[in-house]
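Hi,

Here is the structure I promised to hand over. My notes follow below it.

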Amino acid sequence: MSAIPEKIQTWQMVQPTVFDRETKETTPGKLEKTEIPVPDLDKGEVLVEVAGCGVCHTDLGYFYDGVPTVSKPPLTLGHEISGTVVAGEEAWIGKEVIIPAVMPCRQCILCKTGRGNRCLSQKMPGNSIGLYGGFSSHIPVPVIDLCEVKERGDIPLSHLAVVADAATTPYQAAKRADLQPGDNVVIVGITGGVGQYMGQMAKALGAKTIVGIARNQEKLDRALKFGADFVINSTDKDARTVSKEFRGICKENGLPNTGWKIFEITGVKPGQEIALTLLGFTGKLIVVGFGLAKTEYAMGRLMAFDAEIIGTWGCLPEYYPIVLDMVLSGRINIEEFVETRPMSSIEDTFAEAHKTPPMKRIVLTPDF
Ligand SMILES: [Zn+2]
Ligand SMILES: [Zn+2]
């Protein structure tokens with residue numbers, strides 16, 4: 001079993017990329033390898049030795065796109081973490097765990113009314129848990145929210161890092177959508193890190209039909225093997241054209257034109273326009289992707305359609321064991337969608353993932 005380290009090895013974001021609006025100059029961000037002291041653990045806390053930490057679009061947003069972190073730099077990014085408990089609460093030592101990306105305070109009115117996933121005092125590694133994040137050798141975390149990993153078979157512990165956030169966010173989104181067996185579903189952005197799990201999740205929860213929309217044909221073809229029944233390549237198409245294609249699929253396959261549940265994962269304007277155009281009678285649009293675009297919509301349509309638009313954020317820690325079980329039982333495939341790289345490649349990996357979204361989620365494993 002692993003010992004308690006002298007120091008925590010970590011890659012800190014010393015400075016995010018800064019864009020000066022006046023001079024139009026960009027100052028590149030800076031990641032730096034460093035050592036920090038192992039903190040004294042409070043009651044209810046443990047130290048987790050990191051097995052793997054996923055590189056998420058959110059991390060890239062903090063580093064490249066001016067999205068502010070709650071804890072000011074220097075801090076370590078990374079919130080999709082799996083690992084092994086090495087210190088703290090006796091009963092947990094030696095256990096393999098997934099650390100939820102969002103840990104609610106469990107005190108406030110939102111937490112007490114089942115909305116803890118959007119708790120305003122929540123803690124997120126790599127954002128608001130002091131300076132600690134997953135691109136480290138170790139991380140201190142509260143024990144109450146940990147998801148224990150049992151009987152993982154051949155799946156490496158590092159790969160299970162993607163259960164935090166990438167695979168669990170879709171579960172919460174499906175809950176928000178009140179997804180039921182037999183539902184018909186559209187996923188705009190089905191090829192992304194979260195989108196592809198949204199497709200698998202909707203199918204695993206019993207969706208009858210899944211139409212996936214995105215622009216990368218190679219990834220769309222893969223989506224057809226993992227959840228999607230039909231795909232639409234939206235490259236160079238406006239929302240109306242996509243909508244026409246969608247209606248064609250419905251007509252040819254005897255699918256209804258009411259009650260579709262539409263998940264918008266892209267967070268960008270073209271994706272949002274497609275989702276809004278597809279929203280029809282008694283439909284539901286669930287906004288899963290984040291972005292700052294202002295997208296126009298005739299709100300009266302909601303009234304005429306008796307339709308809904310709702311948002312969804314993160315995932316309650318109590319749902320993690322359910323999603324982990326779906327992964328370990330093979331109902332959700334992660335192995336085709338994960339690649340590991342040494343953590344020492346973090347600078348190159350960030351640059352590469354920022355430039356072109358990778359085919360697979362990159363999980364960094366500590367080597368320093
Ligand atoms: Zn993430
Ligand atoms: Zn709370």
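What follows covers the zinc site, then the cores.

This is a predicted model: local features need pLDDT of at least 70, side-chain atom pairs count only at pLDDT 80 or more, and totals for chains, interfaces and linings use all residues. Residues are numbered from 1 along each chain as written, chains are lettered from A and ligands numbered from 1 in written order, and side-chain values use heavy atoms, without hydrogens and water.

Zinc site. The zinc ion (ligand 2) has four protein donors: C105 (SG), C108 (SG), C111 (SG) and C119 (SG), 2.3 to 2.4 Å away. Donors are N, O and S atoms within 2.8 Å of the metal (3.2 Å for Na, K and Ca). Their spacing along the chain is C-x2-C-x2-C-x7-C. C105 sits in the loop between β8 (96-99) and α2 (109-112), and C119 in the loop between α2 and β9 (138-142), so the pair ties together parts 14 residues apart in sequence. Helices (H or I, at least four residues) and strands (E, at least two) are DSSP runs. C119 is buried, at 0% relative accessible area. C105 is partly exposed, at 22%. Buried means under 20%, exposed over 50%, partly exposed in between (1.4 Å probe, protein chains only).

Cores. The largest nonpolar core has 39 residues, and F135, V141, L146 and F350 touch the most other members. Strand β5 (residues 45-54) gives the most to this core, 5 residues. Another core, of 31 residues, lies apart from it and includes I98 and V338. A nonpolar core joins buried Ala, Val, Leu, Ile, Met, Phe, Trp, Tyr and Cys residues through side-chain atoms within 4.5 Å.

Best wishes
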